[in-house]
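User: I would like to learn how to read a predicted model, feature by feature, with the general idea set out before the particular case. Could we go through one together?

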Amino acid sequence: MGSSCDHDHAPGGLSAVEVGRALDLAESRCVAGGERMTAPRRRVLELLLDAGEPVKAYDLIARFGTDGTAAKPPTVYRALEFLEKQGMAHRIASISAYVACSVGDRAHAAAFLICDCCGATEEVTPPEGEALQQAATASGYLLERTTIEGHGRCPACRVAA
């Protein structure tokens, strides 16, 4: 997403070792769930983990090929759909971007704090996630995913302002 403000921010993304561990965990989750972590799914998840910030689908398409070639859009969108369904990635609707799940070990309700100045995004546990699931169940609904978004300013942007 990039920074639109003029003060310093901590770099995002995971180290190569951390990305490797996260990809191995994702692979294990797929196997345990009877799913396959195909090469395109793995590559899209790797790009999200490397970024450490929300990434728009067209940026994933452009960065997909390790040799600099773009992917075909359906390849990336299918991978994103799979990763979202498995709880390995989340779509942040208000900024039309995707982010790797920071929990990584299970599907869950997610909440995001989004800085309107620099675009920093932090995944947090929604305070009422379980209550929403219980209300849905009581009403006969089966929730597949829940995402809550809160916009404001991150600590670095608040201090700089």
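Analyst: Let us begin with a single residue of this predicted model: Glu149 is placed in strand β5.

User: Is Glu149 buried, partly exposed or exposed?

Analyst: The general idea is to compare relative accessibility with two cut-offs, under 20% for buried and over 50% for exposed, with partly exposed in between. Glu149 has a relative accessibility of 26%, and therefore counts as partly exposed.

User: Which residues is Glu149 in contact with, once its neighbours within four places in sequence are left aside?

Analyst: Here contact means heavy atoms within 4.5 Å. By that reading, Glu149 is in contact with Ile92, Ala93, Ser94, Phe112 and Ile114.

User: What other strand pairs with β3, and in which sense?

Analyst: β3 is also joined to β4, residues 121-124, by four bridges, and these two strands run antiparallel. In this pairing Ile114 stands opposite Thr121 in β4. The two strands form a hairpin with five residues between them, and in its turn Gly119 has a positive phi of about 90°.

User: Where is Thr146, and is it buried or exposed?

Analyst: Thr146 is located in the loop between α5 (129-138) and β5 (147-152). Its relative accessibility is 14%, which means that Thr146 counts as buried. Beyond its neighbours within four places in sequence, Thr146 is in contact with His108, Ala109, Ala110 and Leu132.

User: And Pro155, is it buried or exposed?

Analyst: Pro155 belongs to helix α6, residues 155-160, and because its relative accessibility is 61%, Pro155 counts as exposed. Its C-alpha atom is 15 Å from that of Glu123, a residue 32 places away in sequence.

User: Why does the radius of gyration agree with a compact globule?

Analyst: For 161 residues, a compact globule would have a radius of gyration near 15 Å, and the protein has 16 Å, which is why the two agree. Along the principal axes, the C-alpha atoms fill a box of roughly 45 × 45 × 30 Å.

User: What do burial, contacts, surface and charge look like over the whole protein?

Analyst: Of the 161 residues, 36% count as buried. Among contacts between residues at least 6 apart in sequence, 56% join residues at least 24 apart. The accessible surface comes to about 9500 Å², with 52% of it belonging to carbon and sulfur atoms. Finally, the mean positions of the 16 positive and 21 negative charges are 5 Å apart.

Conventions:
Residues numbered from 1 in each chain as written. Predicted model: local features only at pLDDT ≥ 70, side-chain atom pairs only at ≥ 80, totals over all residues. Heavy atoms only, no water. Rg over C-alpha atoms; globule rule 2.2 N^0.38 Å. Buried < 20%, exposed > 50% of the residue type's maximum accessible area, 1.4 Å probe, protein only. Areas by Shrake-Rupley, 256 points an atom, 1.4 Å probe, with all protein chains shown as cover. Lys, Arg positive; Asp, Glu negative; His and termini not counted. Charge placed at Lys NZ, Arg CZ, Asp CG, Glu CD. Pairing = 2+ DSSP bridges.
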